[in-house]
Amino acid sequence: NPNPMIQITPFPKLHLAASSDKLYENMNYIQFKTLPAGNQGRAGMYMAATDAHILAWTPVDFYIETTDLPAEFYIHNAQFKKLCQSKLQYVTFNKESQVVLLHDKSGNVYDTMLYMSAEAYNHIHRYPNYASIIPIDATELNNGQFHIDAKRLSDAMQIFAAGCITMNFRTDKRACVMNYSDTEGKGELQVIVMPIIKF
């Protein structure tokens, strides 16, 4: 079957981490990319988004039942919202036309979504290599102050569902990393919130 159906769990609201600024169109997209083990975590496909203030990433295999996906592709933040709908049960990838069909629990197609191949995307934009900028080690926040814009923090919190959130302050990289895991352990979403001031 050239278009196998992929069952998914609704994705976290990663589009909230992506920029909506049309002057920075390269940050309007969510990146899906297969990576070796590294700063971002274990080997596998990850999705990531940033607006240069918030960076969020998570393994894709927590949310889908198969890895029959392109090795790298991009979805615009306006389109990505469709993957967060609770009625979405399956997706079908048409790699030739670069279209994702969204299916309900009865298997009916109720919407479609465009995605962009890595080749097409990189021809238009230069996208940051998220795996290389994710901090490695946490450090103690020793007698310092860490100032985070309230709206940025609120945006980051909205990406998470109900669960446990741990905040790790990383003074050497000037970022706070928020690690999320839900009560069933099905989820490994991490968000970096960049501070305004640190001293």
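**Close-up views of a predicted model**

**View 1. Strand 4 has side chains on both of its sides, and they are buried.** Ile54, Ala56 and Thr58 point one way from strand 4, while Leu55, Trp57 and Pro59 point the other way, and all of them are buried. Keep in mind, as you look around, that this is a predicted model. In a regular strand, side chains alternate between the two faces of the sheet. What does burial say about strand 4 as a whole? Of its 6 residues (54–59), 6 are buried, so strand 4 is largely enclosed by the rest of the structure.

**View 2. Strand 3 and strand 4 form a hairpin.** Strand 3 covers residues 44–50 and runs antiparallel to strand 4, with 5 bridges joining the two. To find your way along the pair, look for threonine 50, which stands opposite leucine 55 of strand 4. The hairpin has 3 residues between its strands, and here alanine 52 takes a positive phi near 80°.

**View 3. The whole protein, for orientation.** The protein contains 4 helices and 14 strands. Of its 199 residues, 42% are buried. Among contacts between residues at least 6 apart in sequence, 60% join residues at least 24 apart. The protein exposes about 10600 Å², and carbon and sulfur atoms supply 51% of that area.

View 4. You will find asparagine 28 in the loop between strand 1 (5–7) and strand 2 (29–35). Is this residue buried or exposed? With a relative accessible area of 4%, asparagine 28 falls under the 20% limit and so is buried. Its side chain reaches the backbone oxygen of serine 19 at 2.6 Å. The side chain of asparagine 28 also reaches the backbone oxygen of aspartate 21, at 3.3 Å. Setting aside neighbours within four places in sequence, asparagine 28 is in contact with Ala18, Ser19, Ser20, Asp21 and Lys22, and with Ile75, His76 and Asn77.

**View 5. Asparagine 94 reaches two backbone nitrogens.** Here is another asparagine to visit: asparagine 94 lies in strand 6 (residues 90–94). Its relative accessibility is 23%, so asparagine 94 counts as partly exposed. Which backbone nitrogen lies 3.1 Å from a polar atom of its side chain? That nitrogen belongs to glutamate 96. The side chain of asparagine 94 reaches the backbone nitrogen of serine 97 at 3.1 Å as well.

View 6. In soluble globular proteins, nonpolar side chains tend to be buried together. In this model, the largest nonpolar core has 31 residues, and those with the most contacts inside it are Phe32, Met47, Phe80 and Leu83. Strands 2, 3 and 4, strand 5 (72–76), strand 6, strand 7 (99–103) and helix 4 (150–159) each supply at least two residues of this core. Strand 3 gives the most, with 3 residues. Now look at phenylalanine 32: leaving aside neighbours within four places in sequence, its contacts include Phe11, Met45, Met47, Val60, Phe73, Phe80 and Leu83. Apart from this core lies another, of 8 residues, among them Leu35, Ala48, Tyr130 and Ile134.

**View 7. Aromatic rings pair up in the model.** How many aromatic pairs does a search of the whole structure find? The search finds 11. One of them joins phenylalanine 62 and tyrosine 63 in an edge-to-face arrangement, 6.4 Å centre to centre with 70° between the planes. Phenylalanine 62 is buried, with a relative accessible area of 15%, and tyrosine 63, at 7%, counts as buried too. Tyrosine 74 and tyrosine 121 form a stacked pair, with 4.0 Å from centre to centre and 15° between the planes. This pair links distant parts of the chain: tyrosine 74 is in strand 5 and tyrosine 121 in helix 2 (residues 118–124), 47 residues apart. Both tyrosine 74 and tyrosine 121 are buried. To finish the tour, follow the cluster that ring pairs make from Phe11, Phe32, Phe62, Tyr63, Phe73, Phe80, Phe93 and Tyr115.

Key: Residues are numbered from 1 along each chain as its sequence is written. Side-chain values use heavy atoms; hydrogens and water are left out. Buried means under 20% relative accessible area, exposed over 50%, partly exposed in between (1.4 Å probe, protein chains only). Two strands pair if DSSP finds at least two bridges between them. A polar contact is a pair of N or O atoms within 3.5 Å; within protein, one must be able to donate a hydrogen and the other to accept it, and residues adjacent in sequence count only if both atoms are side-chain atoms. Contact means heavy atoms within 4.5 Å. Accessible areas come from the Shrake-Rupley method with a 1.4 Å probe; for residues, only the protein chains shown count as cover. A nonpolar core is a set of buried Ala, Val, Leu, Ile, Met, Phe, Trp, Tyr and Cys residues joined through side-chain atoms within 4.5 Å. Rings of Phe, Tyr and Trp (its six-membered ring) pair if their centres lie within 6.5 Å; planes under 30 degrees apart count as stacked, over 60 as edge-to-face and the rest as tilted.
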